[in-house]
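Subject: Structure handover

Hello,

Here is the structure for you to look at. Please open it first, then read the notes below.

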Amino acid sequence: MQTNGKLQLYPLLRLAVAMALGVVVGYETYGTFSQEVWLVALVVTVSATAVAGRHDLLQGALMMTAFVFLGGFLVTRRQAQFDKPLPEGYVTYKAVVASQPQERGKTLRMDLWILDDEEMPRRVKASLLRDAYARKGESLMVDSLSAVDAQSMSDHLQVGDGIIVTSRMEKPENYYSSHFDYPLYLLCHGFTATTFIVPGSWRKAALDLGSLSRLERARLSALRFRQHTLRRYLSLGLDDDEMAVAVAMALGDKSRLTNDLRDIYSVSGASHVLALSGLHLGIIYMLLSLMVGMRRLGWLREVFIIAGIWSYALFTGLSPSVVRASTMITVYALVGLLGRDRMSLNALAFTAIIMLIANPLNLYDVGFQMSFLAVLAILVFCKPLVALAPSHEDILSVAGRGDKTAEVWWKKALSGMWKKTLKWLWVMVVVSCCAQLGVAPLTAYYFGRFSTYFLLTNFFVIPLATVILYLTALMFVSALVSPLLPWVAKVLAVVVGWQNGLAKGVASLPGSSIEGISLSRLQLLMVYVIIIAAATIVYKVLRLKNKI
C-alpha cells in the first residue's frame with residue numbers, strides 16, 4: 001500500500017482500529033454470524049485488495065475492511081473454542097494448581113488446569129474451603145477428614161501440585177453492581193468455569209503433566225522458582241506490609257496485600273505500582289541497558305535485553321499485564337533497530353495488532369484497555385503539553401523585571417543542574433497528566449473512583465519504585481555474598497516503608513478520592529470525544545504559533 005499524503009498517516013493505527021472494530025462487532029453478534037462467514041468475507045476482501053492495483057483509495061479501504069473481518073473471525077473462533085456446555089452435577093477430574101493459592105477468609109483461591117479431559121473446561125477458577133464446614137446447600141463427597149487435617153492439607157498446597165477433585169462446574173457470575181464484567185474478564189484469560197471445592201472432596205496426587213504444553217510446563221517451573229525466592233524474602237524479617245508491597249512489585253505476587261493496603265494505594269492513585277506493568281518492565285529495561293552498556297554491540301545488545309525482559313516475565317509467571325508490557329518493549333526495541341521512531345503511534349498499533357491476533361478478547365481486558373490508552377495519551381498529548389512550558393527568556397522577563405538581584409538568581413536557577421531538575425519535574429508532570437487523561441475515564445467507568453492527588457503521588461511513587469526494583473536486583477546479586485544480604489534487605493525495608501507511609505498520607509488527605517462515580521458507555525465515549533476535540537484544538541493552536 002503506497003503512501004498518499006495525510007491519507008496514509010499512521011497506517012498501522014488505522015488498521016488496529018479497524019481490527020478492534022471487527023472484534024467488537026464479532027463479539028456482539030456471536031451466534032448470528034459463524035466463523036465460516038467471517039472467514040469467507042476475509043478471503044474475498046483480501047483477494048480484492050490484491051487485485052486493486054494502484055487504486056490507493058480503494059486498496060486502503062479494502063485493507064481496512066479486511067482487518068475488520070479478521071477481527072470478527074478471530075474473536076468468533078475464540079468464542080467457539082470456549083462455548084461448550086459444562087458437565088452437569090459433580091464430576092471427578094485431575095488438575096494441576098497453576099497459581100499460588102491465595103487466602104481469602106475461609107477459602108483459598110487458585111487457578112486449576114484440568115488434564116486429559118476434553119469434556120471439561122481447560123482452565124478453572126477454584127475456591128477451596130479451608131475447614132470442614134461446607135457452604136450451605138453443599139454436601140461433602142467424602143467426609144473423612146477432620147477440620148485440622150483439611151486445613152493442614154490446604155495450607156500446604158503449592159503451585160504445580162497435582163490434585164484429584166470432585167466438584168461441580170459453574171458458569172462465572174457477576175457479584176458486584178458495577179461495569180466490571182467478571183465473567184468476561186475470566187474469558188479474556190481463558191477461564192470458562194468456576195468451582196467450589198469442599199474438604200474431603202480432593203486429594204493430592206502425582207500426575208503426569210505431559211498433556212500440558214512446553215510453555216505451560218515452563219510457567220509452572222518458573223512459578224515454583226518464584227515461590228522458592230519468596231521464601232528467601234520471608235526470612236529477611238521485613239514487616240508484613242513492607243513484605244507484601246516488595247513481593248508484589250518485584251515478583252508479581254499480590255497474595256499478601258491486605259484489603260486496607262490495597263485501598264490505600266487505590267485511593268492515593270498508586271495502585272499501578274502494585275501490579276507488574278509497563279512501569280516495572282521499563283525500569284527493568286533501563287537496568288539491563290545500564291548493565292549491558294556498550295552501544296556498539298547494536299542488535300546483539302537489544303537481543304540480550306529482550307531475552308532478559310522475557311526471562312523476567314517468565315520468572316514472574318507470565319501474567320497478562322507482564323506479557324503485554326514485554327510485547328510492547330520487544331516491539332519498540334525491534335522498531336528502534338530498524339531505524340524507525342520506536343515511540344510512535346504505529347509502533348503502539350503494531351503491538352496492539354499482535355496481541356489481538358494472539359487473543360482477540362484482550363480488547364475487553366481492563367488492563368489491556370488502560371495500558372494502551374495510557375501510552376496512546378502520552379504519545380499524542382505529551383509533545384504539545386511539553387511545548388506549553390515557558391522558555392527561559394519568558395521566565396526571566398517576568399521574574400526578573402526591575403529587580404537585578406532576582407534576575408541574577410533566576411539565571412542561576414535556570415542553568416546547570418537546576419535547569420535539568422526543572423525540566424525533569426515538568427516532564428514528570430506532563431507524562432503523569434497524560435497517562436491519567438487516558439485512563440481516568442476508564443477508572444471512573446469500571447470502579448467509580450477518581451484519585452485527585454495522582455500527580456502528587458507519582459512524584460514519589462515512580463522514583464521509589466525504581467529504587468525498590470534496583471534494590472531487589474541487588475538482593476539477588478548479594479545473595480551470593482551472604483553478609484551483604486541483610487543490609488540490602490534493611491535498606492529495602494526502609495524504602496518500602498517510606499512508600500507505604502507516603503501513600504497512606506496522601507490517601508488520608510481531605511478529598512483524596514471522588515467516589516461513587518457512575519458513567520454509562522455513551523457517557524464514557526463522550527468523555528473521550530471531548531478529550532480528543534480539546535486536544536485537537538490545542539494542537540492546532542500550537543502549530544499556528546509554531547510551538548510544535
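First, a term for what follows: a crossing is left-handed if the near helix is turned anticlockwise from the far one by less than a right angle, and right-handed if clockwise. Helices (H or I, at least four residues) and strands (E, at least two) are DSSP runs, numbered from the N terminus.

Now the ground rules. This is a predicted model, where local features need pLDDT of at least 70, side-chain atom pairs count only at pLDDT 80 or more, and totals for chains, interfaces and linings use all residues. Residues are numbered from 1 along each chain as its sequence is written, and side-chain values use heavy atoms, with hydrogens and water left out.

**Overview**

The chain has 19 helices and nine strands. Of its 548 residues, 44% are buried (under 20% relative accessible area; exposed is over 50%, partly exposed in between; 1.4 Å probe, protein chains only). Contact here means heavy atoms within 4.5 Å. Take the contacts between residues at least 6 apart in sequence: 71% of them join residues at least 24 apart.

**Confidence**

pLDDT is the predictor's confidence in each residue, from 0 to 100. The chain average is 80, and 83% of the residues score at least 70. Residues 1-7 stay under 50, with 11 contacts beyond four places in sequence. Residues 132-152 are also below 50; that stretch has 30 contacts beyond near neighbours in sequence. Where pLDDT is low, the predicted coordinates should not be read in detail.

**Helices α1 and α3**

Two packed helices are described by the angle between their axes and the distance between the axes. Axes are lines fitted to C-alpha atoms, for helices over the stretch in contact, and angles run from 0 to 180 degrees between N-to-C directions. The axes of α1 (residues 11-28) and α3 (residues 56-82) come within 7 Å and cross at roughly 40°. The two helices are therefore oblique to each other (under 35 degrees is roughly parallel, over 145 roughly antiparallel, 65 to 115 roughly perpendicular, the rest oblique). Their crossing is right-handed. The residues that meet include Val 23 and Gly 26 in α1, and Leu 74 and Val 75 in α3. By class, the contact has 13 nonpolar, six polar and one charged residue. Ala, Val, Leu, Ile, Met, Phe, Trp, Tyr, Cys and Pro count as nonpolar, Asp, Glu, Lys and Arg as charged, and the others, Gly among them, as polar.

**Val 75 and Pro 360**

Val 75 sits in α3. Val 75 is buried, at 0% relative accessible area. Beyond four places in sequence, its contacts include Gly 22, Tyr 27, Pro 360 and Leu 361.

Where is Pro 360 found? Pro 360 lies in the loop between α12 (345-358) and α13 (366-387). At 3% relative accessibility, Pro 360 counts as buried. Among the residues Pro 360 touches are Val 23, Leu 74 and Arg 78. Pro 360 and Arg 78 are 282 residues apart in sequence, yet 7.5 Å apart C-alpha to C-alpha.

**Helices α9 and α11**

The axes of α9 (residues 278-292) and α11 (residues 320-337) come within 9 Å and cross at roughly 45°. That makes α9 oblique to α11. The crossing of α9 and α11 is right-handed.

**Trp 498**

Is Trp 498 buried or exposed? Trp 498, in helix α18 (residues 484-507), counts as exposed at 53% relative accessibility.

Best wishes
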